Amino acid sequence: MRLEELRIEYQAKPIGLDVRKPRFSWIIASDEKNVLQTAYSILVTKDGETVWNTGRVDSNSSVLVEYQGIELEPCSLYNVLVEVWDNKGNQSCIESYFETGLLKGTNLKADWITHNFEAEEQACPVFVKEFKTEKEIDTVRVYATALGVYEIKINGEKIGDTYFAPGWTNYKKRLQYQTYKADGMLKEDNKIEITIGNGWYKGIFGFMCTPNIYGDRVAALAEIHINYVDGTKEIIGTDESWKVTTGAIRSSEIYMGETIDSCYIEDEVSDVQLFSFDKNIIVGQESEPVRITERLSAKEFIVTPKGERLIDFGQNITGFVEVKVKGTVGQKITIKHAEVLDKDGNFYPETLRQAVSHDVYICNGEEQTFIPHFTFHGFRYICIEGLEEIKLENFTACAMHTHMEQTGSFTCSNPLVNQLQSNIQWSQRDNFLDIPTDCPQRDERLGWTGDAQVFAATAAYNHNVALFFTKWLRDLASEQTKELGVPHVIPNILGAQEGASAWSDAATIIPWVIYQTYGDVRILEDQYESMKGWVDFITSRCGENGLWQTGFQYGDWLALDKEESADRTGATDKYLVANAYYAYSTDIVRKAAKILNKNEDAKIYDELYEKIKIAFNDEYITKTGRMVSETQTGCVVALHFDLAEEKYRERIVSALATNIANHKNHLSTGFVGTPYICHALSDNNLHDLAGTIFLQEDYPSWLYSVKKGATTIWERWNSILPNGDFDVSGMNSLNHYAYGSIGEWMYKRLAGINALEPGYKKILIKPEFIKGINSVSATFKSVHGEIKSAWICKDKCIKVDIEIPANTTAIVYLPEQENPIEIGSGSYHYEYVTETSLEKERFSMDTKLEEIMNEPIAVQIFTQYAPQMLDNPMIKLVYQNTLAEVLSSAPDIQPLFQMVVDTLNKSYKSE
Ligand code: RAM
């Protein structure tokens, strides 16, 4: 047995940790089976002195064990030693450390400084300080923040590898500072430069491209802590002695792009001005920082029909392009960005709306490498102007986002589904840039609560999002009011507006997802008032019937069944949706109350929940079990949120199936129905139908966009129309993760990876086959360690491979087998022969195919018509693996081909 990982507040060896009671988690690995922890001990020391020693504690907890020692001191290094005993008589230990941050914003003694430039000055101010050090230096830490986004250089070199600090928070209530290790960067003569871009604080933002949203002046606050070898310490902080100038960055806006003039000779240097801004609201960095996490090389150089000169990076990303160039002095190079080309192959930046997204570089005659500093773009293509010779190797796309750890992987036998998974993962990375944005490219990039809410469960499979959401949920709570509830975007720059269902429910649903995924009770404690406050807000809006039926709602946003509504809210009764979420949020609050031992509340919200359910049934389901909105989403929420009385369920399930059949086995759902439709079907004995709509390849479906070449998830089912035209509603992003929320169903139902207890302390493995996929392999790195589920169904044989981490147990339902198996940790392989439904279908179809294939002419037909036949889902399903083998040349025999297709279709229908 060995301890593989020791995390402190989810992080390995954090510095600048600003948590007073950090929590420790460790991962146990073992070659033995059925391993459980029986005891642990934790020893925390500072300068060799013990500050916390648990001694041996008989416990199986290995996740988020809270520090209970002497109060932590700021800017101090703590060593941690964890020892673990297991039920097999083994013992093992692991060491790590953490360094505290300032623990209080007011511990920053430096002054806020700003400039006094003319209002029309666009260039980024650079705050400068020169100083000498005389003694031998041990360690150097920099604690810094800004109003705007900043970068610090020490002696010409950037400190840290992060971007967009201090991040986007509700600056009126919360501002993060960052801690940097700057060991070895100081010399005898030193120059510190802090450059500040407008960022979210002062930059142009929102639908109206409004400037100065939080303030009209950027400012800096920083301290350089120099610890000398002789034990003394010196702090160089921002104060009146600093100077300010402008540098090469002549303008920078997140939406608009950046202009760097490397010929620019430093301006005059002027005195800084002191600035006042509340230090009490300053908190330590709460989530992982934004970094460049992948560098993509240029795939192709394209000259478009219009003559534009483009580079294709093959993937829609968020970030920017690094350009290597040797231009002439003053040569101006412009890099324009777009997600897509139009159907004629021309550059199509329309999806950016008013976000100009141009980076402009002015060369100085030498070999140079340009990147922008304070802007990011959503793009796959760039258009280059002002450069004669374009060499692919001089252009690298840098993908950037909050540096979350990847925790999930999913692959299967269907390449289109694999591309879908890739698209979901990319849209998550592209949109988890400090806050969860709706899209990363256009004049929006806002923290839409609804989008984040519907996607959170999928997000938590793909990446560890605990810290990311911890930070954002604090902003959510800080923006919430009793009068208006929870805003639609967080941070809220859209102004005062009452909360809306499915959007504002992020307040309850996301903490619940984090609790379930990581076993994190603290998030429930921290968010409890906010969760409860949201439900109370809804209650305050309810009429006498106990239902919320007034005010603005997004409904089933962008649903296709909009015949009854002129706007974008879909056909499902908006208030039906609102009350379904009211019940769901109340259900979460009552469960949270129980977990937190708030017994009074638990009772209150239990009763409220029951009342809402009754009221919902009275209002939205007739006495004979008919839904008032018999739309897909109407049925889905009644089923998935478990609202419909038992006796009505069957009818609602069949109404859902009928509706789907009326849509030729396609979905018609929007933001609300889409995440749940496949769950609702799978949970109600219609898993096959879930599989059918999931694997549709024509509009509207998930795989439609894949077949249209998407590399990220689109905002609309038809962002690109079948004829190659674009949706022209003025709201058409090709990088919106909301519909990627199907990912949760893929992990849960196709791979079968589920948590039975929070934090996956107890696991359910229950993969279920669908026609069209004959193997799946998925992994999920839980807080207890990696879970694996893989299956393959081939040649009448089913093989299943499962891995269960130490200190957990699992219940396994093998596909097509009746009885569950209980297992402990370890690797398991199962192999069995069964007449599965999938197999039955496969083999009966194979036999029919074989008969047909015995006709020599058939071989030729398949060859000739292979592409058309691939468009027939049934033929493709059965035949995709063998088709390639029989391809050779063939003459045109249309009637016989038709006969083959008809036979196949008929035989499928009669199944
Ligand atoms: C659009 C956003 C987002 C959605 C809102 C209601 O502007 O892109 O996806 O949540 O509308």
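His736 puts an N or O atom of its side chain 2.9 Å from an oxygen atom of the ligand, a polar contact (a pair of N or O atoms within 3.5 Å). Taken alone, the ligand exposes 290 Å², and the protein buries 97% of that (areas by the Shrake-Rupley method with a 1.4 Å probe). Keep in mind that this is a predicted model: local features need pLDDT of at least 70, side-chain atom pairs count only at pLDDT 80 or more, and totals for chains, interfaces and linings use all residues. Residues are numbered from 1 along each chain as its sequence is written, and side-chain values use heavy atoms, with hydrogens and water left out.

**Around the ligand**
- Glu444 has a polar side-chain atom 2.5 Å from a ligand oxygen, and for Glu715 that distance is 3.5 Å.
- The residues surrounding the ligand include Asp438, Arg442, Trp448, Trp503 and Phe671 (a heavy atom within 4 Å).
- Sorted by class, this shell holds six nonpolar, one polar and five charged residues (Ala, Val, Leu, Ile, Met, Phe, Trp, Tyr, Cys and Pro are nonpolar; Asp, Glu, Lys and Arg are charged; the others, Gly among them, are polar).

- The Ala165 to Pro166 peptide bond is cis, with omega near 5°.
- Another cis bond runs from Ile490 to Pro491, with omega near -10°.
- Arg445 isn't a glycine, yet has a positive phi of about 55°.

Note on methods: A polar contact is a pair of N or O atoms within 3.5 Å; within protein, one must be able to donate a hydrogen and the other to accept it, and residues adjacent in sequence count only if both atoms are side-chain atoms.
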